[in-house]
Amino acid sequence: MIIPTKENFTEMSSSQFEQFVMFLLKKASDGLPNVVVQHDEIIETKEGSYQIDGTIRFELMGVEYLTLVECKMYKHAVSREKVQVLYDKLRIIGAHKGILATTSYFQSGAIEYASSHGIALLQIVDGKITYNVRSKEVNEIAYPPDLPQFIGIAQYKINDSSIGCTNISISEYLREFVLNCN
């Protein structure tokens, strides 16, 4: 298990970041029928227009579901207020699920709020942070050529008292966030 760290600040452009997040979501939905993953969508409501970094729409058992994706490319912690704003958008738009992704990390209040409101949190890190080196004498690390440039880590509620994280480079882990509409 990989534990997200406060020291990681992934080096990528904001466009690369949003595209990578949407790539992970698209990969997670591969094989599911009627799934539409869209980047940068404007959603109109009675209260106004909302620019959403990404959406996932799918139909399951005759019910249409909408997931909103927000991307925050920060070098500081994502606060509880940012998660609350996403939750408000969910309620106003009538979406079923929210996913908040960052290149940084989440404050504990943000994690607690997201957990109690069913919002998935993703941390995008440099793939090199996932590579372990066990040697006292390492001067230069030789990374394997197939090491991913970026990788996603998901934070979610395991039970009433604990928060967990899972390497989501394998799409089945992210799929649980997309399909779980609690």
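Analyst: Start with the largest nonpolar core, which has 20 residues. Leu68, Val83, Ile93, Leu100, Phe106, Ile119 and Leu121 touch the most other members. Two or more residues each come from strand E2 (48-60), strand E3 (63-72), H2, H3 and strand E5 (119-126). A second, separate core holds 18 residues, including Phe17, Phe58, Val69 and Ile99. A nonpolar core here is a set of buried Ala, Val, Leu, Ile, Met, Phe, Trp, Tyr and Cys residues joined through side-chain atoms within 4.5 Å. Buried means under 20% relative accessible area, exposed over 50%, and partly exposed in between (1.4 Å probe, protein chains only). In soluble globular proteins, nonpolar side chains tend to be buried together.

This is a predicted model: local features need pLDDT of at least 70, side-chain atom pairs count only at pLDDT 80 or more, and totals for chains, interfaces and linings use all residues. Residues are numbered from 1 along each chain as its sequence is written, and side-chain values use heavy atoms, leaving out hydrogens and water. The pLDDT is the predictor's confidence in each residue, from 0 to 100. The chain averages 76, and 62% of the residues score at least 70. Confidence is highest in helix H2 (residues 80-93), at 96. Confidence is lowest in strand E7 (residues 162-167), at a mean of 52.

Now Leu100, one of the core residues named above. Leaving aside residues up to four places away in sequence, Leu100 touches Glu70, Lys72, Val78, Lys82, Val83, Leu86, Phe106, Ile119, Ala120, Leu121 and Leu122. Contact means heavy atoms within 4.5 Å. Across the chain, 56% of the contacts with a separation of 6 or more join residues 24 or more positions apart.

The structure holds three aromatic pairs. In one of them, Phe58 and Tyr65 are stacked, at 5.2 Å centre to centre and 20° between the planes. Rings of Phe, Tyr and Trp (its six-membered ring) pair if their centres lie within 6.5 Å; planes under 30 degrees apart count as stacked, over 60 as edge-to-face and the rest as tilted. Both Phe58 and Tyr65 are buried.

Next, the loop between strand E4 (97-102) and helix H3 (108-116), where Thr103 lies. Thr103 is buried, at a relative accessible area of 2%. Its side chain reaches the backbone oxygen of Tyr74 at 3.1 Å. Ser104 is in that loop too, and is buried at 0%. The side chain of Ser104 reaches the backbone oxygen of His76 at 2.9 Å. In helix H3, Ser115 counts as buried at 17% relative accessibility. The side chain of Ser115 reaches the backbone oxygen of Ile111 at 2.9 Å.

Last, the overall layout. The chain has four helices and seven strands, in the order α-β-β-β-α-β-α-β-β-β-α from the N terminus. Helices (H or I, at least four residues) and strands (E, at least two) are DSSP runs, numbered from the N terminus. Strand E1 (residues 36-45) and E2 pair in the antiparallel sense over nine bridges. Two strands pair if DSSP finds at least two bridges between them. A hairpin joins E1 to E2 through two residues, and Ile43 stands opposite Tyr50 in E2. Of the 182 residues of the chain, 43% count as buried.

Key: Polar contact = N/O pair within 3.5 Å; in protein donor to acceptor, adjacent residues only side chain to side chain.
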